[in-house]
Amino acid sequence: MANRLIAVSFLLLFLAGCSNNPPIKEAKGLQQDTVVTDDGEVTFKIFNAANVPAERVDAVKKELLEAYDDIKQTIQTDYTPSKKINIHLLEGREFSKGLRADIKLYGVRNGSHPLVHELTHTLLGYGDNSDSSRGYLSQEGFAVYMENRFGKQKYPIHKVMKLFLSMEKSIPLNKLIDLDNDDSLFRPAIVGPDGFAVQEMSYYHAASFVTYLIDTYGLEKFEKVYDQPNLGEKLVSVYGKNVDELEREWLSYIEKNYNEPETEEKMKIENFYTIVSSMDSIDQQIFQR
């Protein structure tokens, strides 16, 4: 989950770890505000730990209701979200996070919070129980797609992917969906710029691939692979093509239809130059096919 790409970042960012962390305890004495969705299914309780102005809290409430409707009208899953979800507005520049009953949002004061991204995780499910048991690619890729479509954060994911290809720094799709390998890509130990760059690149790859699938084959098919176990097998059963075939299709599409970001675009992408300058220090085996 993420204020990354996310920075797609996440976008990304989008772009946002989703794990089986325990629920965040409600902080006593904090200003609270409550908003209920129009269908009455979910109550959001907002904790203003960042002490942002009342008008900013009101804006978040409005965003929550709009994002809830947008997300519920895209794809349907067999996941039943929590009836009560706590929204924590926090100071600092840490990664935002969307868990089952808690969303941690950073960047609310300046309007850079990835609310749609995190709410997508919280409403549609992530793993078996807000964990990584079903990988990261479909969940993070779709969260960035949703943030790009309905949220405040916009990431030129295909253009950045074209840059990775031009630099011969693309991560093979089979590594991104390998449950024995994907933690090191989507949730690396971030002890320096190279770990951060690996995570950001993984989010961009996931977002670009998922966006390609949706734009090419439609949301109805993607709905059948979102947050599913054995993603490689699921892709074959839904799309009739294996991971390598879909990867070749996707990368060919990027090569033919997109240019690298212009200088002005690069300047607007959060952490862009940190990612690019760190690529050579990344373990180059990550990019080997």
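## A tour of the sheet and its helices

Guide: Welcome! Five strands make up an open sheet with mixed pairing, in the order β1-β2-β3-β5-β4. This is a predicted model, where local features need pLDDT of at least 70, side-chain atom pairs count only at pLDDT 80 or more, and totals for chains, interfaces and linings use all residues. Residues are numbered from 1 along each chain as its sequence is written, and side-chain values use heavy atoms, with hydrogens and water left out.

Visitor: Which strands stand at the edges of the sheet?

Guide: Strands are DSSP runs of E with at least two residues, helices are runs of H or I with at least four, and both are numbered from the N terminus. Two strands pair if DSSP finds at least two bridges between them. Each edge strand has a single partner, so one of its sides is left without a neighbour in the sheet; these strands are β1 (32–36) and β4 (97–98).

Visitor: At about what angle does helix α2 run to β5?

Guide: Axes are lines fitted to C-alpha atoms, for helices over the stretch in contact, and angles run from 0 to 180 degrees between N-to-C directions. Helix α1 (residues 54–72) lies across β1, β2 (43–48) and β3 (84–90), at about 25° to β1. Helix α2 (residues 115–124) lies across β2, β3, β4 and β5, and its angle to β5 is about 170°.

Visitor: How many residues of α2 are buried?

Guide: Buried means under 20% relative accessible area, exposed over 50%, and partly exposed in between, with a 1.4 Å probe and protein chains only. Among the buried residues of α2 are H117, E118 and H121. The helix is largely enclosed by the rest of the structure, because the buried count is 10 of the 10 residues.

Visitor: What backbone oxygen lies 2.7 Å from a polar atom of the side chain of S82?

Guide: S82 sits in the loop between α1 and β3 and is buried at 13% relative accessibility. A polar contact is a pair of N or O atoms within 3.5 Å; within protein, one must be able to donate a hydrogen and the other to accept it, and residues adjacent in sequence count only if both atoms are side-chain atoms. For the S82 side chain, the backbone oxygen at 2.7 Å belongs to K84.

Visitor: Which residues is T211 in contact with, leaving aside its neighbours within four places in sequence?

Guide: T211 lies in helix α7 (residues 193–217) and is buried, with a relative accessible area of 8%. Its side chain reaches the backbone oxygen of A207 at 2.7 Å. Contact means heavy atoms within 4.5 Å, and beyond those sequence neighbours T211 is in contact with Y145, I157 and H158.

Visitor: At roughly what angle do the axes of α7 and α10 cross?

Guide: Angles of 65 to 115 degrees count as roughly perpendicular, under 35 as roughly parallel, over 145 as roughly antiparallel, and the rest as oblique. The pair α7 and α10 is therefore roughly perpendicular. Residues making the contact include F209 and Y212 of α7 and W250 and Y253 of α10. The axes of α7 and helix α10 (residues 243–257) come within 10 Å, and their crossing angle is roughly 90°.
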